[in-house]
Amino acid sequence: MPLQRFTRVYGIKDAKIAPLTSDPASGSPTYGALIDVPGIKTYEISGDIEVKKLRGDNQQLATNAAISNVQVSVTHAKMSLDVLAAIVGGTVTDSGTTPAQKTTWGLTGANATLPPFKLEGVTPPNGVDIIGGDVHVVLHKLTLSAFPELGFAEEDYRIASFTADADPLLSNDKWIDIVINETAVAIA
């Protein structure tokens, strides 16, 4: 018997980003190495629907609706230079020796075009109706729609966040997948 097609969704355990390195129209998408989104707090998907109404003879004759945008909003407790490089561009460099090591994310004017990336989030095991199961939500091709929110907060922790718009892949037209697993699996 197949799994039930509905579940409660409790919490988020992990999220990872992978740079989209190629998306050929007649092939398969290729992604770079997975990058952890540290301290993932929220992964919220929303969208827009464009509705057109046809009127005539003093009445409504037809309605047509189409998805015009899918967007994700993510908050995470820890700032990650590797995540910034994957979603904004730029480079991360390490230098120095102990006790004067440093790591730097740098962005130059040459990084004006934002890179596409994949984002996958997962519930904790048992965060769904199925004991020992989980839910994965995958957005296959994202591009930032606003610069990530970074910085400092007086006498408080600063929560990092970003918002991105989804597009269907050229190679297979995938936009979003939601997968309910009978047995919890790690993001791979």
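Glu155 counts as exposed, at 79% relative accessibility; exposed means over 50% relative accessible area, buried under 20%, and partly exposed in between (1.4 Å probe, protein chains only). Glu155 is found in the loop between S9 and S10. Its phi is near 50 degrees, a positive value in a residue other than glycine. This is a predicted model, in which local features need pLDDT of at least 70 and side-chain atom pairs count only at pLDDT 80 or more, while totals for chains, interfaces and linings use all residues. Residues are numbered from 1 along each chain as its sequence is written, and side-chain values use heavy atoms, with hydrogens and water left out.

**Backbone features in loops**

Asn126 also has a positive phi in a residue other than glycine, near 70 degrees. Asn126 is found in the loop between S8 and S9 and is partly exposed, with a relative accessible area of 41%. A cis peptide bond, with omega of about 10 degrees, joins Thr98 and Pro99. Pro99 is placed in the loop between strand S6 (91-95) and strand S7 (102-106).

**The chain as a whole**

The chain has 1 helix and 11 strands. Helices (H or I, at least four residues) and strands (E, at least two) are DSSP runs, numbered from the N terminus. In that direction the elements run β-β-β-β-β-α-β-β-β-β-β-β. The C-alpha atoms fill a box of roughly 75 × 45 × 45 Å, taken along the principal axes. Of the 188 residues in the chain, 30% are buried. Contact means heavy atoms within 4.5 Å. Among the contacts with a separation of 6 or more, 63% are accounted for by residues 24 or more positions apart.

**The nonpolar core**

In soluble globular proteins, nonpolar side chains tend to be buried together. A nonpolar core is a set of buried Ala, Val, Leu, Ile, Met, Phe, Trp, Tyr and Cys residues joined through side-chain atoms within 4.5 Å. The largest one here has 27 residues, and those with the most contacts inside it are Ile17, Val72, Ile87, Phe117, Leu119 and Leu142. The elements that give two or more residues to this core are S1, strand S4 (40-56), strand S5 (59-76), helix H1 (81-87), strand S8 (117-122), strand S9 (134-144) and strand S10 (160-166). S9 supplies the largest share, 5 residues.

Leaving aside neighbours within four places in sequence, Val72 is in contact with Tyr43, Glu44, Ile45, Leu119, Leu139, Leu142, Phe162, Thr163 and Ala164.

**Aromatic rings and lysines**

How many aromatic pairs does a search of the whole structure find? The search finds 1, where rings of Phe, Tyr and Trp (its six-membered ring) pair if their centres lie within 6.5 Å, and planes under 30 degrees apart count as stacked, over 60 as edge-to-face and the rest as tilted. Phe117 and Phe162 form this edge-to-face pair, at 6.1 Å centre to centre with 75 degrees between the planes. Phe117 lies in strand S8 and Phe162 in strand S10, so the pair ties together parts that are 45 residues apart in sequence. Phe117 is buried at 0% relative accessibility, and Phe162 is buried at 3%.

Lys118 lies over the face of Tyr31, at 4.5 Å from the ring centre; a charge sits over a ring if NZ of Lys or CZ of Arg is within 6 Å of the ring centre and within 35 degrees of the ring normal. Lys141, in strand S9, is buried, with a relative accessible area of 16%. Its contacts beyond four places in sequence include Phe117, Asp165 and Asp167.

On a 1 Å grid over the protein atoms alone, a cavity is a set of points where a 1.4 Å probe fits but cannot get out, and a pocket is an open set with protein on both sides within 12 Å along at least five of seven lines; lining residues have an atom within 4 Å of a point. Grid points are joined across faces, edges and corners, and a volume is the space filled by probe spheres set on the points. The whole structure holds 1 cavity of 30 Å³ or more.

| Space | Volume | Among the lining residues |
|---|---|---|
| Largest cavity | about 50 Å³ | His76, Met79, Ile87, Phe162 |
| Largest pocket | about 190 Å³ | Val9, Gly11, Tyr43, Val137 |
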